[in-house]
Amino acid sequence: MSIIAFIQQAIRFATIFLFGSTGESITERSGHLNLGVPGIMCVGSAGAALGAKLYLTLVDSCGFPMNGFFGVLFPVLFCLICGALAGLMFCFFTATLKANQNVVGLSMTTFGIGLYVVIFQILGESGYTRLGGYFTKVFFDSVSASNWFELLFLSYGPLVYLAIIVSIIAGLIIRKTKLGLTLRSVGENPSAADATGINVQKYRYVATIIGSAIAALGGCFLFMDYMAGQPLYNIDTYGWMAVALVIFVGWNPDLGVLGSFLFAAAYILPDSIKIDSKNPLIEIVRLLPYFLTIIILIISSVSKTKLSNGPKALGVTYFREDR
Amino acid sequence: MEKAKKTPLLHISRRMDVPRWEKIVIRVATFVGAFVLCALICSLFKWGTFFNFFQDLFGSLVSKSASKPLRSLINTLEEMALLLGISLALLPAFKMKFWNLGAEGQVLMGGFMAAMLSKFLPNSMPTALATVIMLVAAVAGGAVWSLLPAVFKAYFNTNETLFTLMMNYVAMGVITCFIRVWNPEHGTLDSLSTGMLPQIGGYSYVINIIVVTVLVFAMYGYLKYTKHGFELSVVGASRNTAIYAGINTWSVIIRTAVLSGALCGLVGWLIVAGADQSVSSGSAGGRGFTGVLIAWLGNFNPFYMALIAFFVAFVTRGSSSFATEFLGGNSSFPKITIALFFFAVLVGEFFLNYKVHINRKEKKQALAGKEAK
């Protein structure tokens with residue numbers, strides 16, 4: 001595989017991690033440690049499948065127009081709705097019922113994985129490839145395979161660009177706007193934020209719901225674009241890596257563009273280098289992204305830079321009456 | 001003009017002294033509610049199966065074969081024992097606020113070490129000796145897998161949640177690699193050649209249940225009555241306090257995390273030698289994560305954890321037989337019911353710890369009038 005093709009593949013694959021880490025960064029900035037991201041990605045995939053099935057039914061039986069716009073819109077919309085609902089559920093338990101965030105997150109993950117498999121069994125596993133083409137179809141039409149610039153930057157489906165735009169905008173909002181400052185203050189010190197008149201619960205709810213909806217898109221991308229409509233059964237692995245990526249990029253979604261590329265490159269490396277796939281050592285090469293994460297965790301804890309410190313109140317449930 | 005202040009309809013306050021009978025009533029209501037919720041969801045997936053779910057749930061305790069009347073009950077208890085064993089292993093680490101999410105990997109490494117030794121130990125060796133050697137190796141395997149995150153946690157305060165989580169995948173990768181070397185045609189290692197745990201009274205798994213029962217009491221005593229148990233709870237409450245009290249926090253963190261990993265390794269040995277007789281990268285089967293939830297929802301109390309673990313095993317087996325009967329044998333269906341069960345327990349915990357007040361308008365006005373006088 002040529003180096004250009006490798007980078008192109010890595011950029012495409014990075015979208016899964018990018019959606020996940022952008023969503024989780026927004027969530028964690030508000031002080032909610034949502035370990036349900038793997039489950040939410042699964043829910044996103046299942047939602048995309050629901051949307052795709054509904055759209056295909058509309059096309060087949062009601063004479064609805066079959067085109068790329070609706071073909072992409074339906075799965076994405078349903079994925080966003082399902083992701084937001086999962087986020088709402090997480091918030092209800094952690095913010096309103098004051099349950100421990102790790103427990104709710106892990107339960108969400110279990111729930112999401114189970115729901116994903118069951119929904120695909122009910123809906124059937126085939127048929128989505130009809131819409132997969134719309135997702136993988138190159139967004140900018142006139143791309144020649146010989147031009148490296150066009151191949152690297154213009155040869156992807158719509159969701160890849162969406163992920164990059166969303167993460168850059170999220171990064172700018174978090175760091176450069178008043179809204180972002182408020183959000184960060186809620187995550188750093190909710191009691192102080194509350195004292196200044198900020199509605200902590202509202203910020204946490206909104207940030208978590210938006211974050212979950214974005215993370216769910218990672219599942220949608222994996223299912224509809226990367227696999228072109230073939231269901232895949234280890235989505236949760238990608239979800240955990242997205243959670244790790246958040247630490248890697250220091251809770252900055254815009255840095256996630258680079259971080260996710262690195263993760264994706266490490267992930268697809270064993271399939272690209274010239275190792276015989278029968279060689280057992282390939283299983284060790286496949287561990288590269290996990291080693292990378294561990295090394296990043298260690299480096300970020302040893303060097304006590306400002307970057308490596310997460311929101312102070314991360315994972316702490318806020319209850320006004322507590323001191 | 002001043003804006004009228006809105007009072008929220010509901011507000012909550014923390015409850016301090018809940019009477020014992022009320023605790024029991026709330027908990028019983030929680031569990032009943034959890035089962036009803038699961039049954040409702042089941043009837044959503046397949047209309048009109050509300051009562052069938054309960055039938056399957058309780059049916060999973062009753063054996064159909066006349067020769068082994070206790071088999072179904074023992075199967076449920078065995079599943080409970082494995083889950084409880086893992087959550088007990090996590091308990092000391094959690095009390096120290098060391099969030100060990102790596103039980104999955106530690107269990108796998110324990111099981112793998114046991115299976116590997118069984119492959120290489122000579123057949124002429126007495127079974128008892130082989131069993132002991134495999135047990136030691138399994139404990140060591142689990143301990144090593146948690147040693148690494150523990151050392152970095154102790155010296156650099158590295159985030160152990162994600163570190164241990166990543167170690168899960170490393171364990172799976174290592175095991176897959178060795179399986180591909182030794183047994184490339186299959187996804188698992190060969191069945192054990194030696195060191196299997198014997199059956200008792202014609203039933204397998206009984207030893208697993210006994211070992212975990214002993215572990216419940218041992219862990220209760222360790223946490224409540226020993227110096228170690230005290231030290232780790234101080235470190236968990238405040239590391240600075242522990243340092244000022246003269247506790248060597250570094251050694252406490254490493255010691256406790258290694259104990260946690262070692263016990264996970266022990267459970268791995270139980271899974272391989274006492275139940276599966278073989279190992280694959282899926283041997284832990286998500287129990288590592290369920291164990292985390294059981295420890296938490298059991299309020300870190302070994303006996304209450306045992307109750308929760310029993311219900312989890314009960315719901316798992318009941319809903320998996322429901323899925324076989326009505327949903328075409330979907331092996332992931334129990335995951336949904338288990339998660340719903342946990343969510344229901346979380347709601348119950350809320351009502352145990354908080355009181356909901358309804359702010360009625362009249363009451364407010366009456367109060368305001370009183371104050372004015």
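User: How far apart are the end C-alpha atoms of helix α10 of chain B, and what span should its residues give at 1.5 Å a residue?

Analyst: Before the answer, please note that this is a predicted model, in which local features need pLDDT of at least 70 and side-chain atom pairs count only at pLDDT 80 or more, while totals for chains, interfaces and linings use all residues. Residues are numbered from 1 along each chain as its sequence is written, and chains are lettered from A and ligands numbered from 1 in the order in which they are written.

Helix α10 of chain B covers residues 249–276, and its end C-alpha atoms are 39 Å apart, which agrees with the 40 Å that its 28 residues should span at 1.5 Å a residue. The expected span of a helix is 1.5 Å times one less than its number of residues, and helices here are DSSP runs (H or I, at least four residues), numbered from the N terminus, with strands being E runs of at least two. Of the 28 residues of α10(B), 23 are buried, so that the helix is mostly covered; a residue is buried if 20 or more other C-beta atoms lie within 10 Å of its own, exposed if 12 or fewer, and partly exposed in between, with C-beta atoms placed from the backbone.

Just after α10(B), Gln277(B) takes a positive phi of about 65°. Most residues other than glycine have a negative phi, and most peptide bonds are trans. Asn157(B), which is not a glycine, also has a positive phi, of about 55°, and it lies in the loop between α5 (127–156) and α6 (160–182) of chain B. Asn157(B) is partly exposed, with 13 other C-beta atoms within 10 Å. In chain A, Trp251(A) has a positive phi of about 60° and sits in the loop between α11 and α12 (256–272), where Trp251(A) is buried, with 25 other C-beta atoms within 10 Å.

Another helix of chain B, α13 (residues 333–353), has 21 residues and reaches 31 Å from its first C-alpha to its last, close to the 30 Å expected. Because 15 of its 21 residues are buried, α13(B) is largely enclosed by the rest of the structure. Leaving aside residues up to four places away in sequence, Phe341(B) touches Ala34(B), Cys38(B), Phe311(B), Val312(B) and Val315(B), where contact means that the C-beta atoms of two residues, placed from the backbone, lie within 7 Å.
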